[in-house]
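Subject: Handing over a structure

Hi there,

Here is the structure I promised to pass on to you. Have a look at it first, and then read on for what turned up.

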Amino acid sequence: HVDGASGGFIAPFQEMSGKGTPAPYDFRLKNVLTMSGSGHKFGESICGTGWVVFRQREGLASHVATTVTYLGGSSDSLTLNFSRPASGPYVQFYKLLRLGQEGYMNKVENQMGVTSYLRQFLSNLKHPSGKPRFQILDGGDTCCLPVVAARLNPELDLHYDDIDFQHGLSESHWYVSGYSLGFENPMNEKFENLCNDVNEATTMFRIVVKSNLTRTLAENLAGNIEKILSV
């Protein structure tokens with residue numbers, strides 16, 4: 001199974017434009033039987049829209065695909081609980097017809113351009129000590145999602161962390177998700193590090209660039225980041 005919850009509406013259009021994945025990741029690989037995608041993330045549909053594509057009908061389990069007699073005929077239901085709203089598929093189908101491959105390619109390219117601008121902006125910010133303000137954690141400008149992942153430079157030994165940074169930005173109506181890289185281990189009820197190369201107190205943040213985050217809005221976000229860092 002290929003989980004394309006986020007990348008399912010990004011990687012194919014990067015590949016079509018010649019700026020994408022270096023290797024096959026889909027049904028071109030014989031051992032891939034199913035692929036999923038979330039239409040409400042980068043597919044431009046409404047919340048709750050998700051897809052699973054099967055290579056062949058034989059791979060579809062009988063308890064998922066049920067055949068029922070309805071309105072005088074036989075009908076297949078491919079949902080988990082038979083009755084689901086149709087608004088998501090309708091919106092998704094409209095967007096696929098309205099934008100087409102070229103439209104989605106242009107959309108993804110624009111998102112990656114805005115992402116690159118924000119990544120470069122964060123990379124260029126300096127602390128009064130001359131050290132970088134941020135440490136970039138994501139994979140860069142190619143073969144990746146339109147997401148900037150970073151953290152405040154741990155070398156600066158600041159009195160605030162990325163969660164405080166998130167709260168500061170929220171006062172200017174920008175929501176940038178901050179995350180703790182520690183977790184409570186249910187086996188021993190201790191708060192432990194999630195990654196083996198950082199301690200449990202480490203934090204980070206990410207900026208998800210959707211199609212409505214334009215360059216103009218990104219510049220506004222950048223200005224607000226500079227503003228709260230000067231406090």
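**The nonpolar cores**

The largest nonpolar core is made of 22 residues, and those with the most contacts inside it are L118, L122, F134, I207 and I225. Two or more residues of this core come from each of α2 (87-124), β7 (147-152), α3 (162-170), β11 (203-208) and α4 (215-229). The element that gives the most is α4, with five residues. Please keep in mind throughout that this is a predicted model.

Setting aside its neighbours within four places in sequence, I225 is in contact with F121, L122, L125, F134, F165 and L169. Another core lies apart from this one; it has eight residues, among them I10, F13, V108 and C144. As background, nonpolar side chains tend to be buried together in soluble globular proteins.

**A three-stranded sheet**

Next, have a look at an open sheet of three strands, with the order β1-β2-β3 and mixed pairing. At its edges are β1 (2-4) and β3 (50-54), each of which pairs on one side only. From one strand to the next, the twist averages 15 degrees.

How do the strands run? β1 and β2 pair in the parallel sense over three bridges, while β2 (residues 34-38) and β3 run antiparallel and are joined by five bridges.

Is β2 enclosed or open? Five of its five residues are buried, so β2 is largely enclosed by the rest of the structure. Both of its faces are covered, with T34, S36 and S38 buried on one side and M35 and G37 buried on the other. In general, side chains in a regular strand alternate between the two faces of the sheet.

**A buried aspartate in a loop**

One last stop is D26, in the loop between α1 (11-16) and β2. Is D26 buried or exposed? Its relative accessible area is 16%, and buried means under 20%, so D26 counts as buried. The side chains of D26 and R28 are joined by a polar contact of 2.7 Å. Beyond its neighbours within four places in sequence, D26 is in contact with V32 and M35. That leads back to the sheet, where M35 is one of the buried residues of β2.

Enjoy exploring it!

Best wishes

Methods
Residues are numbered from 1 along each chain as its sequence is written. This is a predicted model: local features need pLDDT of at least 70, side-chain atom pairs count only at pLDDT 80 or more; totals for chains, interfaces and linings use all residues. Side-chain values use heavy atoms; hydrogens and water are left out. Two strands pair if DSSP finds at least two bridges between them. Helices (H or I, at least four residues) and strands (E, at least two) are DSSP runs, numbered from the N terminus. Axes are lines fitted to C-alpha atoms, for helices over the stretch in contact, and angles run from 0 to 180 degrees between N-to-C directions. Buried means under 20% relative accessible area, exposed over 50%, partly exposed in between (1.4 Å probe, protein chains only). A polar contact is a pair of N or O atoms within 3.5 Å; within protein, one must be able to donate a hydrogen and the other to accept it, and residues adjacent in sequence count only if both atoms are side-chain atoms. Contact means heavy atoms within 4.5 Å. A nonpolar core is a set of buried Ala, Val, Leu, Ile, Met, Phe, Trp, Tyr and Cys residues joined through side-chain atoms within 4.5 Å.
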